[in-house]
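Reader: I have a chain to go through. Please walk me through it in short answers.

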Amino acid sequence: ITTIQNRGYILRESRDGVDRELDQIDLKGQNIKINSDRSIVISRGQCNIVEEVHSAALIDQIKYVPLETHEKCLLKDIQKIKYQDSTLFIYDGRAIYAFSNEGRFIAQIGERGRSGNEYNTISAFFLNRYRKSIILIDGYTRKALEYDYSGNFKSKTPIDPIYNYMADIEMADSTSLLCNFFITNPSLEDNTAFQYGLADAVGYQVKNLFLQSNLSMNTGLLTFSNHPITRCSHNLSFIQSVSNKIYQIEGEQITEMYSIEMIDPLPDERFLQQNNHKNYFELLQTLFDSGYSSGVTNLFETPQYLLVTFGKTKDSPSIQDYTLIWDKQKKRGTYYYRYFDDNLLTLSTCLNLNSPSTCYSENTFITAISPLTFGTNMHVILEKSNDTTVRRIAQTIKEDDNPVISFFTLKKEIVDNTD
């Protein structure tokens, strides 16, 4: 429970009916204006709809790399992948492991423990490409731990308590960080909350909050998106929960870049207020049953394309989230409801963009494939898959092996190929 006082937050905790003050967070609040003068409307008339698309129509080149399976790096459920300088950083909810782009295990990044240089939990992590470092955010013990890409410890920095509510974090530039917070985070007196903040890249102090949340439910540390922030070249774009807007940050300037005329309607403010008492999963079900979308759920951007997923409704023919691929040069797009992988012979969300184990970096998409996918489809893969590497993996992979990583690039004429 939080209140505003003297332009800062006072964070309180309630346990067994007893309130105690934890800390005061010195923040400036919402003092960043959002410029919407250049916003581009992506209209329904500029987009066609494809019920089902095959991977061959979208993917230019693809490579499958089994990760080395070793007692020091047995992965569980992958929750985040980041990629930089030919190195994969994979977080499985317990620890972060570094692998080469050929699948060789490099090191575990940091150790769980109680010493000053160990973490209790990993709230989030990001790569500092300027310092060639990986930074682990431990919001519980309020410290940021910095390591090099081989796992060697470099530094420790104390951080604000608000980092305990961190959902995602990326470097905006060499001096600042863009922070995305969970739905439940320190709120103002009127029960509103902010979804984003700007922080100092050196001391990690959160300086500004912006994009006020349209939700204030007490749902725990949950989010509508696995990928709320995306990097294209030196620019960061990001999304807001239950919204059709896409924003971009440059320095401390926030610009609304796109507004999407969605296939399914968004709930209005009155509907959200009426259902704010519900928990996260109840709200999702209510949106689904009422014919409302949860808006933009994941975002990726390449030099040519904007790739956006949307929350489905009861009337949507999609399997999970459906996807819009927007060609930024041609100003045309295509919605895809279902995606058939010609190599793995599976149906899913287009390009698996809603999966936490998908990422985009250095002009390449990366996603993890569970050994179970190969085992379950082994006979079909051996009979029908055209990819010799996939057939070989299906024959040799074991159930308790580490996942397989696929690296793929997109074709340059996707919209024309799938009309």
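Reader: Does C232 count as buried or exposed?

Author: This is a predicted model, so the ground rules come first: local features need pLDDT of at least 70, side-chain atom pairs count only at pLDDT 80 or more, and totals for chains, interfaces and linings use all residues. Residues are numbered from 1 along each chain as its sequence is written, and side-chain values use heavy atoms, with hydrogens and water left out. Buried means under 20% relative accessible area, exposed over 50%, and partly exposed in between, with a 1.4 Å probe and protein chains only. C232 has 10% relative accessibility, so C232 counts as buried.

Reader: And C47, buried or exposed?

Author: The relative accessibility of C47 is 13%. The cut-off for buried is under 20%. Therefore C47 counts as buried.

Reader: How many disulfides does the structure hold?

Author: A disulfide is a covalent bond between the sulfur atoms of two cysteines. The test here is a pair of cysteine sulfur atoms within 2.5 Å. The number in this structure is zero.

Reader: What percentage of the chain is buried?

Author: The chain has 419 residues. Its accessible surface comes to about 18,600 Å² (Shrake-Rupley method, 1.4 Å probe; for residues, only the protein chains shown count as cover). Carbon and sulfur atoms hold 44% of that surface. The buried share of residues is 56%.

Reader: How many helices and strands are there?

Author: Both are DSSP runs, numbered from the N terminus: helices are H or I with at least four residues, strands are E with at least two. The chain comes to seven helices and 31 strands.

Reader: How many residues of β16 are buried?

Author: Strand β16 spans residues 166-171 and is mostly covered. The buried count is six of six.

Reader: Which residue in β17 stands opposite D168?

Author: Two strands pair if DSSP finds at least two bridges between them. β16 and β17 (residues 176-181) run antiparallel, joined by five bridges. A hairpin of four residues links β16 to β17. Opposite D168 stands N180.

Reader: What is the bridge partner of A124 in β13?

Author: β13 covers residues 133-138. β12 and β13 pair in the antiparallel sense over five bridges. The partner of A124 is I137.
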